[in-house]
Amino acid sequence: FQPSAASGLTTGLISGVTSNPLTVSSAGWSTNATNNLLANLTYVLLKSGPAEGLLLRVTANTAETMTVDTLGNNLTSLPVAVSNSFQLIQGETIGTMFGTNTNEFGVVGGTSAMFNSNRTDRIVMTDAVGSVRTYFFNTSTNRWVFVGGGNTDRASTPISPYSSVFYSRISTNSIQQVTTGSVPVNNLKLLVRPSGTTYLGTVFPVNTTLGSLGIETLPGWKTANPSSSAQVNAADKGQTRSGSSILTYYYTTGLPTNQWRRVGSGANQNSTALPIGGGVAVIRTGSNAPAQIL
């Protein structure tokens, strides 16, 4: 976590809560187009109360209020309350994390035709509305674009501190990236969409496993009896990357011990490692309701 670069208070207590926005008395935030919270890609981290550990992206602000992206939720029902403490966090974008040209970090770019031949590095992640996008650096326009998105520059696409991206590297030369900041020491709450794909990062600086992540406890999670291929196909799933392969998992029911299994394998996958700096794609087939808290 990096402190926000925006003006005004970066830590404090919430003085007012509505469905949206939050109020912080005497916050002193800038409202101009270049130094407000949105321009500085700011996130608010709740540090006390029942919503402790929840991270929300700021989408607008006044001198004393901030509107946040709740993915369809009401702030009072999350619940966020008066006197909860907060901290403002600086977010990353595709451009700040991977550079705005191919020389900064060694990203392999190319033209659209080259991309179709799988000859560019690729980033797969969700955008602000939850759509899965594949990004690459277009060397004919010198900008980040996503497939099917025209020539609009996508370098400012946000990457949440709690999210993950799938990066496909075409070059045999490795990329070394060092991210500095403070380690989270509070509880952790993630917003997961009940429909579509959510990319989650492991966040904490320790290894974890698929079985301990707990995504199968989300309300309405669709499990499957492994003896039914129809149930397996319809189940909610998790995906991880192993080398150049993407592995897909589902949670079983109808067994003496419920467990994670990989599609195409009968082995228990609860101990599948999610290493430091890794992530998991959570793929759900439910209704388009407000996001749920993990």
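Student: Which residues of the largest nonpolar core touch the most other members?
Tutor: They are Trp29, Leu56, Met66, Val80 and Phe86, out of 22 residues in that core. A nonpolar core is a set of buried Ala, Val, Leu, Ile, Met, Phe, Trp, Tyr and Cys residues joined through side-chain atoms within 4.5 Å, where buried means under 20% relative accessible area with a 1.4 Å probe, protein chains only. This is a predicted model: local features need pLDDT of at least 70, side-chain atom pairs count only at pLDDT 80 or more, and totals for chains, interfaces and linings use all residues. Residues are numbered from 1 along each chain as its sequence is written, and side-chain values use heavy atoms, with hydrogens and water left out.

Student: Which elements give two or more residues to this core?
Tutor: Strands E5 (42-46), E6 (55-61), E7 (65-69) and E8 (85-90) do. Strands are DSSP runs of E, at least two residues long, numbered from the N terminus.

Student: And what does valine 80 touch?
Tutor: Leaving aside residues up to four places away in sequence, valine 80 touches Ile14, Val17, Leu22, Leu46, Ala51 and Leu75; contact means heavy atoms within 4.5 Å. Apart from this core lies another, of 19 residues, including Phe1, Leu41, Ile215 and Tyr249.

Student: Changing topic: how many cavities of 30 Å³ or more does a search of the whole structure find?
Tutor: One. The largest cavity has a volume of about 500 Å³. A cavity is a set of points on a 1 Å grid over the protein atoms alone where a 1.4 Å probe fits but cannot get out, and lining residues have an atom within 4 Å of a point. The volume is the space filled by probe spheres set on the points, which are joined across faces, edges and corners.

Student: Why is E16 largely enclosed by the rest of the structure?
Tutor: Because five of the seven residues of E16 are buried.

Student: What sheet is E16 in?
Tutor: An open sheet of five strands, ordered E16-E22-E18-E19-E20, with antiparallel pairing; two strands pair if DSSP finds at least two bridges between them. E16 (195-201) and E20 (260-262) are the edge strands, each pairing on one side only.

Student: How many bridges join E16 to E22?
Tutor: Seven, and the two strands run antiparallel. Threonine 198 stands opposite valine 282 in E22.

Note on methods: Helices (H or I, at least four residues) and strands (E, at least two) are DSSP runs, numbered from the N terminus. Buried means under 20% relative accessible area, exposed over 50%, partly exposed in between (1.4 Å probe, protein chains only). On a 1 Å grid over the protein atoms alone, a cavity is a set of points where a 1.4 Å probe fits but cannot get out, and a pocket is an open set with protein on both sides within 12 Å along at least five of seven lines; lining residues have an atom within 4 Å of a point.
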